[in-house]
Amino acid sequence: MLMSLSLTDALAQVRDAPFLLDAIRSSDALTEAAGRDGGPVAVKLLGRAIEDTDDQLTAIAAVHGLGAVFDDGAAARLSGLLSDPRTFLREHAAWALGSRSPRLDAIGRLVAGVAAGGFATVINQRALRRWAQLAPDHIALALEGALLSRDDAAGRARLIDTLGLVPGPISTAALLRIAADEREPLRPRQAAVAALGDRPADPGVVELVTRLAAGSGELAGVARLAAFDLAGPTGERVGGGSGLAVAQMFLHADLDRELSRAGAGDNGGIATMLVRLGDALADEPGIDRVLTLSRGSVEAAVAALDEPAEAHVLAPVPLLSEPTDAANAWPLAVAAERGIRRALTAHGRVDVLHLRMADVGSMAAAAVAARLGIPTVFTLAPDPHAVIHALDMTGALTRGTFGTVDEREHYWFRTDLVARLAAGAQHRVLFPRPNLRSQLRDLLGLDIDGDLQDGVDGDPERSAGTPGPGQGGYSVVPEGIDITVAARALDDVRAAAHPALTELAELVAALPEHRRGLPLAVSVGRLHRVKGMATVVEAWASDPTLPQRCNLLIVGGDLAEPSVDEREQLGLIAGVVDRHPAAAGGLLLPGHRPNDVVARWMAAAHLGLPGVIAPGGAYVCGSLKEEFGLALVEAMAIGLPVVAPDHGGPATYIEDGVTGFLVDTRSPRAVADGLACALELTGRPGAAQRAAQAREMVHERFTLTVMARTLSGVYAGVGAPVAG
């Protein structure tokens with residue numbers, strides 16, 4: 001039996017851990033030791049660690065250690081940290097306080113943090129929500145007081161969202177007053193009306209919501225949703241069968257049947273995949289219905305309540321906010337939880353919910369599923385663990401900068417959320433990765449020996465595990481694509497007949513004359529720093545020969561209304577162009593396009609367009625990490641040689657030097673060398689056979705049909721459908 005560490009030894013273990021991930025994991029032992037050895041001495045020891053400005057990571061661990069110390073001095077120190085000038089200490093102090101009994105001198109500062117916005121909103125709301133079960137009147141009055149001095153609509157809405165989490169007559173009266181006040185700006189009124197839908201259906205609440213719902217405009221739409229919430233689900237909307245009802249979700253996508261927003265904002269490959277996977281799952285024996293949740297407008301959410309039942313339903317979750325990317329969506333947790341609960345109850349029973357990433361949507365959905373008794377499946381990936389480790393290895397992230405970076409990236413919270421989602425899931429799905437077991441052990445601290453269903457270190461040919469009823473554990477499930485899209489794209493290019501090809505030809509025709517007729521290198525994805533689009537442009541533009549050998553097509557991003565991340569990447573790309581003006585004439589940056597259009601553009605890069613694009617192009621991915629790489633698989637289904645990260649999922653299906661090249665995508669030089677090799681590969685003998693080999697591999701392993709069949713087995717082992 002292992003001996004428990006003393007507090008001094010546990011603190012030293014965090015300080016002396018060789019890698020950042022080891023230090024983060026060691027913090028659990030520190031928290032345990034602090035709870036066991038607590039008292040004034042522990043408060044003093046941990047306080048000194050917090051004051052160490054050279055080791056921000058250990059300071060964060062010490063804050064959480066204080067949260068476990070049973071001593072009033074620890075609570076007082078945490079309360080004081082809510083006023084610390086360092087944002088990361090304020091956020092972690094609020095997190096730690098949430099696990100303790102209410103402390104009256106901290107309530108006002110937690111409320112102020114909610115009003116200020118940002119990531120602190122969700123952390124402070126969590127603490128206030130827990131404390132509201134014991135001190136509802138104190139918290140309701142503090143929120144009302146804050147509203148008196150807050151004029152901006154966004155800040156007021158955040159306070160009202162929080163007020164909706166507080167039970168009791170004081171908060172209900174305040175919500176009724178705000179909802180009825182026509183002088184109140186729209187967003188705060190929406191928050192109040194939405195919160196009334198979660199209150200007991202008292203006559204005053206029902207009367208106001210009903211009256212507002214009879215009006216017009218977006219406030220009336222929110223009131224109609226609140227009226228639905230007050231009434232509760234009316235029962236099954238579809239014929240109850242013996243098959244499963246499955247829900248899946250990606251909150252940060254704008255999903256429609258046409259996939260018209262693919263590549264914009266957070267609408268990456270997963271958004272495309274979920275729409276098509278939902279259709280494939282609905283065709284599987286044993287599955288009656290599929291529900292795919294994503295963000296949507298109030299109008300769409302209201303309409304969805306009355307839409308006829310289908311085998312695959314797209315269910316919008318209104319966030320009562322302007323669209324924002326995943327990294328900045330944490331303050332929308334309250335609206336997300338409410339909308340997810342409505343979607344999961346409005347369309348009949350749900351037997352299993354599949355969560356895919358550690359974001360605010362999965363956090364909210366897991367909480368809803370726990371309350372509704374819906375079992376979950378979680379796609380477990382080392383994110384952000386792999387990024388933390390990569391930055392640690394390059395020196396870009398250190399103990400001395402961890403807290404400052406954490407203010408933006410929330411690494412500590414996200415690693416904890418991954419652990420909580422995995423622990424709460426009835427089954428965990430893994431992506432294929434080289435040396436899967438050792439990577440999970442090194443990055444996540446997980447030992448899955450004996451728990452992996454029919455998978456051997458991520459080998460996709462041996463990973464289609466189907467757990468029996470009631471089994472837990474892990475299954476390796478590769479993602480898949482709709483191979484008919486690639487086949488149609490190739491046929492259209494051969495026939496030179498599709499509007500997408502005309503558009504591409506016009507884009508190339510606008511380039512300088514000497515650039516027409518060159519091969520095309522293509523990269524597709526979100527304009528986000530993790531996707532490395534600026535690295536791809538840098539690799540191509542800075543190489544002495546590549547700009548003369550090919551043009552570069554970057555597909556992705558909302559150029560008309562770019563997000564913060566998109567603006568950052570566009571700025572970096574503009575900087576590259578400024579440094580390498582000779583290459584500027586060969587760069588095509590059209591923004592996002594639907595998946596079917598992208599497929600035809602990739603097919604044109606492979607086969608060429610007479611007089612416009614030479615055949616023999618390549619696909620290049622500059623991602624810092626790719627858990628799987630759907631766009632890479634789509635390119636291989638077309639027949640393009642690919643350049644991809646030498647770690648993560650791509651290394652399990654790209655045959656280096658044959659179907660593509662695996663490179664260190666942190667290095668523009670390595671990416672450039674990979675692209676040069678890929679272009680050369682298309683001119684060597686056997687190029688057609690290599691392309692056919694790649695297509696055959698995709699057809700055999702990575703189709704949506706294979707993925708749906710494997711997942712249906714996983715769901716059957718987790719869900720418990722009720723016949724009739």
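This is a predicted model: local features need pLDDT of at least 70, side-chain atom pairs count only at pLDDT 80 or more; totals for chains, interfaces and linings use all residues.
1. Start with the overall picture. The protein chain has 724 residues, and a compact globule of that length would have a radius of gyration near 27 Å; the chain comes out at 27 Å, so the two agree. If you want a box to picture, the C-alpha atoms fill roughly 75 × 60 × 55 Å along the principal axes.

2. In terms of secondary structure, expect to see 32 helices and 14 strands in the protein chain. As for how the chain meets itself, take the contacts with a separation of 6 or more: 72% of them are between residues 24 or more positions apart.

3. Of the 724 residues, 59% are buried. The accessible surface of the chain is about 27,300 Å², and carbon and sulfur atoms hold 54% of that. On the charge side, there are 65 positive and 87 negative side chains, yet the centres of the two sets lie 2 Å apart.

4. Have a look at His252, in the loop between β1 (244-249) and α15 (269-282). Is this histidine buried or exposed? His252 counts as buried because its relative accessible area is 1%, and the cut-off for buried is under 20%. Its side chain also has a partner: a polar contact of 3.4 Å joins it to the side chain of Asp359.

5. Which residues does Ala247 touch, once neighbours within four places in sequence are set aside? The contacts are with Leu291, Leu344, Val350, Val352, Leu353 and His354.

6. Last stop is Asn124, which you'll find in helix α8 (residues 120-131). Asn124 has 5% relative accessibility, so it counts as buried. Where does its side chain reach at 3.0 Å? The answer is the backbone oxygen of Leu110. Leu110 also turns up among the residues Asn124 touches, along with Ala94, Arg109, Gly113 and Val114, not counting residues up to four places away in sequence.

How values were computed. Residues are numbered from 1 along each chain as its sequence is written. Side-chain values use heavy atoms; hydrogens and water are left out. Helices (H or I, at least four residues) and strands (E, at least two) are DSSP runs, numbered from the N terminus. The radius of gyration is taken over C-alpha atoms; the globule rule is 2.2 Å times the number of residues to the power 0.38. Buried means under 20% relative accessible area, exposed over 50%, partly exposed in between (1.4 Å probe, protein chains only). Contact means heavy atoms within 4.5 Å. Accessible areas come from the Shrake-Rupley method with a 1.4 Å probe; for residues, only the protein chains shown count as cover. Lys and Arg count as positive and Asp and Glu as negative; His and the chain ends are not counted. The place of a charge is taken as NZ of Lys, CZ of Arg, CG of Asp or CD of Glu. A polar contact is a pair of N or O atoms within 3.5 Å; within protein, one must be able to donate a hydrogen and the other to accept it, and residues adjacent in sequence count only if both atoms are side-chain atoms.
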